Amino acid sequence: MGCMMLHRRHAWLVGLILFELAGAALVLRWLFAPVPVIAPGALTPVAAPPATIALPPELPAGMRTVIDRWAAAYSYVAYSGRGEPDLHLAWRKSPGARLVGEWVLVPAAAFPSLRRDVQDQDLHDMWLGPAGAESETARLVVTADVAAILDGLWGQRGSEALVSVVASGEIVDRVWARNENGGYGDTAIVAFHHLDPRLSPLAVDGVSALDPDLDLAGYSLVARLWAAGPRPDVDSLAASLVEAGVSTNRHPGRLTELIVTGVTALTRGVAVQIESRGEPAWPARGGADLLASADVTHVSNEVSFVPGCEADPETTAFCARPEYLDALRLAGVDVVELTGNHNLDLGAAPARASLDLYQEAGMHVFGGGEDQAAAHRPLIVEHNGNRAGFLGYNAFGPHYAWAGVSAPGAARFSLDAVAHDVALARPHAGLLIVTMQYTETYDTMPLPRQVVDFRSVADAGADVVIGTQAHQPQAIEFYRGKPIFYGLGNLFFDQTWSEPTCQSLVVRLTLHDGRLLAAQLIPTTMGIDCQPYVAPTARRDAILRTVFEASGW
């Protein structure tokens with residue numbers, strides 16, 4: 001019996017061992033089994049969805065191009081409207097968004113308008129649409145892209161909004177068509193860089209987008225583009241916009257202001273006023289702030305400087321003392337036109353000496369010089385990347401006023417000479433200004449032949465044509481889109497015997513990135529003291545009305 005029990009115990013032990021060995025065999029079989037190979041296409045991996053970017057409607061073309069290029073490089077696709085976009089750009093700020101762009105807009109009237117300012121609230125009211133507005137009420141005129149930006153800036157325009165959306169090429173014609181005789185017609189709102197000299201830019205609540213020192217924080221018509229999303233991507237996109245130069249459409253470092261003025265003759269009655277006060281800079285005291293504010297200031301000085309020149313109120317042979325150059329210094333003059341008919345009144349020596357005085361004062365000359373070649377040579381002035389070219393001509397004479405092969409004087413006018421000189425200047429000047437000493441008349445209307453010649457100068461390639469011979473303001477026209485100012489009137493001169501001869505137009509030209517954006521008129525007037533100053537509002541409006549009516553506006 002004892003032996004039987006031992007046998008059973010052995011059997012149980014053997015069974016346990018066999019069971020353990022079988023389990024080990026299974027484990028070894030699993031460990032060393034070949035890895036199954038899955039045929040291609042048998043399983044589809046789940047890919048992460050691409051990052052999405054949402055953009056506001058009607059982005060400015062320059063911005064849109066750069067953003068699209070950036071998005072493609074960073075594998076962003078357009079947001080489809082499902083879920084939330086990974087990167088969201090909008091004209092309104094959202095929590096955590098970063099400013100990546102600023103688009104400056106400018107309200108503008110037709111050029112022959114007396115308006116200079118508009119209230120921000122009035123623009124809002126027209127956009128949102130006051131109840132009961134009549135169809136003939138003055139309206140805002142915008143393009144579709146500006147309308148989309150304003151929808152984001154001010155909110156969706158109302159059903160009664162006083163807004164007309166037109167094609168970009170129709171803005172100027174539409175605003176001019178509804179200008180009310182120099183008064184208060186339609187108002188365009190345009191992108192800053194799309195301003196046109198046929199429009200008159202308006203300040204908003206007294207703040208002008210054309211002011212080189214403008215702080216955009218205090219200007220209401222700025223559409224700001226905000227980006228919300230992964231900060232590294234937002235920073236990269238912002239840097240791309242800056243690098244491409246499209247983070248804004250207004251670059252202060254690309255702005256230039258030029259001022260062009262009419263007749264200057266520091267002689268005769270002007271000299272009497274200077275001598276009576278013992279102040280050589282006297283004539284410029286009243287208008288120096290305006291004149292010197294420009295980056296480039298022009299005068300047409302018709303008189304050469306002669307030491308000891310007597311202040312004679314009756315003389316017809318003009319000269320000025322060298323000390324009187326202080327008046328031009330105070331006015332911040334950079335460019336002196338020498339097309340005047342009196343520069344050679346006392347001969348060649350004073351004319352040559354005056355050229356030396358201008359050079360010593362850091363003033364550049366054109367339209368006249370030491371000889372014929374110099375008189376016809378273009379003057380190119382560069383500022384903030386803008387290049388303005390000046391050419392000037394004397395059509396009036398007298399014969400001795402014209403430069404010779406080796407004699408000083410003014411460039412003699414002929415269409416052939418203009419065509420030749422313009423061809424030389426054109427490759428070097430973004431804006432080409434041609435000034436003319438034409439036949440002197442005392443009328444707001446230019447002579448018929450003057451109109452023909454000035455238009456021919458524009459056809460020859462001038463961008464702006466200006467008559468500096470007139471002793472009172474004359475008519476203006478836009479010939480094939482180019483401004484022609486037939487006469488600017490007296491700046492520094494002694495013709496105080498009539499109101500028109502006491503007046504002048506100061507033309508302020510604004511360039512941005514090589515383009516002429518605006519040509520603004522600033523009327524001046526003077527009294528018997530021969531000191532011009534900026535005309536107060538009522539007189540300014542009267543001067544402009546006279547000029548606009550003569551222009552057929």
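Predicted model: local features only at pLDDT ≥ 70, side-chain atom pairs only at ≥ 80, totals over all residues.
Which residues of α14 are buried?

Residues are numbered from 1 along each chain as its sequence is written, and side-chain values use heavy atoms, with hydrogens and water left out.

The chain has 14 helices and 28 strands; these are DSSP runs, H or I of at least four residues for helices and E of at least two for strands, numbered from the N terminus. Of its 553 residues, 53% are buried. Buried means under 20% relative accessible area, exposed over 50%, and partly exposed in between, with a 1.4 Å probe and protein chains only. The accessible surface comes to about 25,000 Å², and carbon and sulfur atoms hold 56% of that. Those areas are from the Shrake-Rupley method with a 1.4 Å probe; for residues, only the protein chains shown count as cover. On contacts, meaning heavy atoms within 4.5 Å: among those between residues at least 6 apart in sequence, 75% join residues at least 24 apart.

Now the cores. In soluble globular proteins, nonpolar side chains tend to be buried together. A nonpolar core here is a set of buried Ala, Val, Leu, Ile, Met, Phe, Trp, Tyr and Cys residues joined through side-chain atoms within 4.5 Å. The largest one has 65 residues, and Leu105, Leu150, Phe192 and Tyr219 have the most contacts inside it. Strand β4, residues 98-110, gives the most to this core, with 8 residues. Leaving aside neighbours within four places in sequence, Leu150 touches Leu105, Trp127, Val142, Gly155, Ile189 and Leu221. A second, separate core has 34 residues, among them Ile259, Ala265, Val303 and Tyr324.

β4 also pairs with β11, antiparallel, over 6 bridges; pairing requires that DSSP finds at least two bridges between the strands. Within that pair, Gly101 is opposite Leu225 of β11. Strand β3, residues 87-90, is joined to β11 as well, antiparallel, by 3 bridges, and there Ala90 has Trp226 as its bridge partner.

Next, an open sheet. Six strands run in the order β18-β19-β21-β22-β24-β23, with mixed pairing. β18 (379-383) and β23 are the edge strands, each pairing on one side only. On average, neighbouring strands are turned by 20 degrees against each other, direction ignored. β22 and β24 are parallel, over 2 bridges, with Val465 partnered by Ile484 in β24. β23 and β24 are antiparallel, joined by 4 bridges, and Phe478 is opposite Pro483. These two strands make a hairpin with 2 residues between them, where Arg480 in the turn has a positive phi of about 55 degrees. On β23, Ile476 and Phe478 point one way, Glu477 and Tyr479 point the other way, and all are buried.

Helix α12 lies across β18, β19 and β21, at about 165 degrees to β19. For that angle, axes are lines fitted to C-alpha atoms, for helices over the stretch in contact, and angles run from 0 to 180 degrees between N-to-C directions.

Helix α13, residues 448-459, has 12 residues that should span 16 Å at 1.5 Å a residue; the end C-alpha atoms are 17 Å apart, which agrees. The expected span is 1.5 Å times one less than the number of residues. Gln450, Val451, Asp453, Phe454, Val457 and Ala458 are its buried residues. Their cover includes α12, β21, β22, β23 and β24. Gly461 follows the helix, with a positive phi near 125 degrees.

Back to the opening question. In α14, the buried residues are Arg540, Asp541, Ile543, Leu544, Val547, Phe548 and Ala550. An α-helix has 3.6 residues a turn, so residues three or four places apart point the same way. Cover for the buried residues of α14 includes β23, β26 and β27. This helix, residues 537-550, reaches 20 Å from first C-alpha to last, close to the 20 Å expected.

Last, some backbone details. Gly397 and Pro398 are joined by a cis peptide bond, omega about 0 degrees, and Pro398 is in the loop between β19 and β20. Ser75 has a positive phi near 60 degrees and is exposed, at 53% relative accessible area. Asp205 has a positive phi near 50 degrees and counts as partly exposed, at 42%.
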